[in-house]
Amino acid sequence: MIAPFVKTELISEAMNLWLAIPIGFLFGFALHHGGFTDSRKIARVFYFRDVDVPIVMFTAIVTGMLGLWGLSLIGYMDTSLFYFLPTYLLPVAVGGLLFGVGMVVGGFCPGTAVASVATGKIDPLIFIIGFFIGSLVFGDFYPVWGDFYNSDYRGVWRLDQLFGLQLGVTVLLMVVIAIAGSMFLRLVQRIAWPDTFIPVKGAVLKVQVALIVIALVLATVMAFFPTSSYLPAEDDSGWHIVPRVIITTPVSGQ
Amino acid sequence: MNVRCKLPPVFAGILIGLVMLIAFVISGRGIGVSGALTRMIAVAQNTISPQITQSSEYFSRYFAYGQNPLDNWLVYLFAGMVLGSFIASLICGDFKLEVLRGPNISAAKRLLLALLGGILIGFAARLARGCTSGLALVGGAELAVGSWTFMLCVFAGGYAAAYFVRKQWL
């Protein structure tokens, strides 16, 4: 096990900070090339007029998921050193609903707004000023919603624990859902806005089909690999890779 | 945007997924954006009025033990991100000062709605402990129940409100 590098002290804390810059660079570069620096592209998801955004999200999640759990499976990544997001179920649900309304009204989420400002757009700049105001209201009037913010704590809680399935099987299930979901969304776009539909052809189509096959094959291998073999022996349950931790102080988000 | 620069969604998604994976392998944590923005505004408020910031239970812990909230992994990531999309827009030839909006709305109204949406998201991202990158994408890959709940709720909220602002986009 050599990853995560900074936790296994392969690299220093300072090096870890500096490496965040090229990682961020690639992220911003990818967001612009995906077309996400245009608010119209993001907001039109909510009219099914351009469903690229959820397809990109599905693809990114599948890539990260196969990578993270695949590396853990082959013993390269020590997930016990990994920071997993804790779940506060009700606050995340209410936050999500408000976030969705904000997204269709404002046309951005924080990451796309930051990337868009850097391409010279003015609407994301105003959006970010709004974000600052919203954050200040949350932080300065914290006692009003602090109790709700810290309520319904579920620890590190994963889908495989929720479903009662093996981790690898859950990964396969989510890959299938991501592929089916992407195709369904594209179909809805085609029916609702026929003039916006551009069929994928030629080399792009071939590569996409190949990538889908690779993802399915990888996930199938993970699903039928004996996952308990890479769990620590002292773990109480086959579903736990990371034991639940009780956090007493509020934890900041990303 | 410039068509020759446009990546098909599956390729853009894989690139973003790889960025996330590199962060997992190097740093053992996820990428994220809203955290850096909140740290910046906390520092700005602390400069103008340390009293308000220090009395806020939420913001004061950013400064606990004399820490500088900006000396943080997310802030370095943020700097790289701004540079990355700036360079990308220069390469593609679509760096331009403009307000992007639908055909049926004035620039002033678009900016007003951008401000309103920003306020909502600034609040919602703090309540949910993250945004699309740090919570939805990273947590989605981690198989976190909270993150998948967040994504379902974001789309539910977005579709529910879409009708009322349709003139802005269509």
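Mentor: Let us start with one helix of chain B, H8, which covers residues 145–162. Helices here are DSSP runs of H or I with at least four residues, strands are runs of E with at least two, and both are numbered from the N terminus. This is a predicted model, in which local features need pLDDT of at least 70, side-chain atom pairs count only at pLDDT 80 or more, and totals for chains, interfaces and linings use all residues. Residues are numbered from 1 along each chain as its sequence is written, and chains are lettered from A and ligands numbered from 1 in the order in which they are written.

Trainee: How far does helix H8 of chain B reach from its first C-alpha to its last?

Mentor: The helix has 18 residues. The expected span is 1.5 Å times one less than the number of residues, which gives an expected 26 Å for H8(B). The computed reach is close to that, at 26 Å.

Trainee: How many residues of H8(B) are buried?

Mentor: A residue is buried if 20 or more other C-beta atoms, placed from the backbone, lie within 10 Å of its own, exposed if 12 or fewer, and partly exposed in between. H8(B) is largely enclosed by the rest of the structure, because the buried residues among its 18 number 13.

Trainee: How many helices does chain B have?

Mentor: The elements of chain B run α-α-α-α-α-α-α-α-α from the N terminus on. Chain B has 0 strands, and its helices number 9.

Trainee: How are H6(A) and H2(B) oriented to each other?

Mentor: Axes are lines fitted to C-alpha atoms, for helices over the stretch in contact, and angles run from 0 to 180 degrees between N-to-C directions. The two helices pack with their axes 9 Å apart, at an angle of about 70°. Angles under 35 degrees count as roughly parallel, over 145 as roughly antiparallel, 65 to 115 as roughly perpendicular and the rest as oblique. H6(A) and H2(B) are therefore roughly perpendicular.
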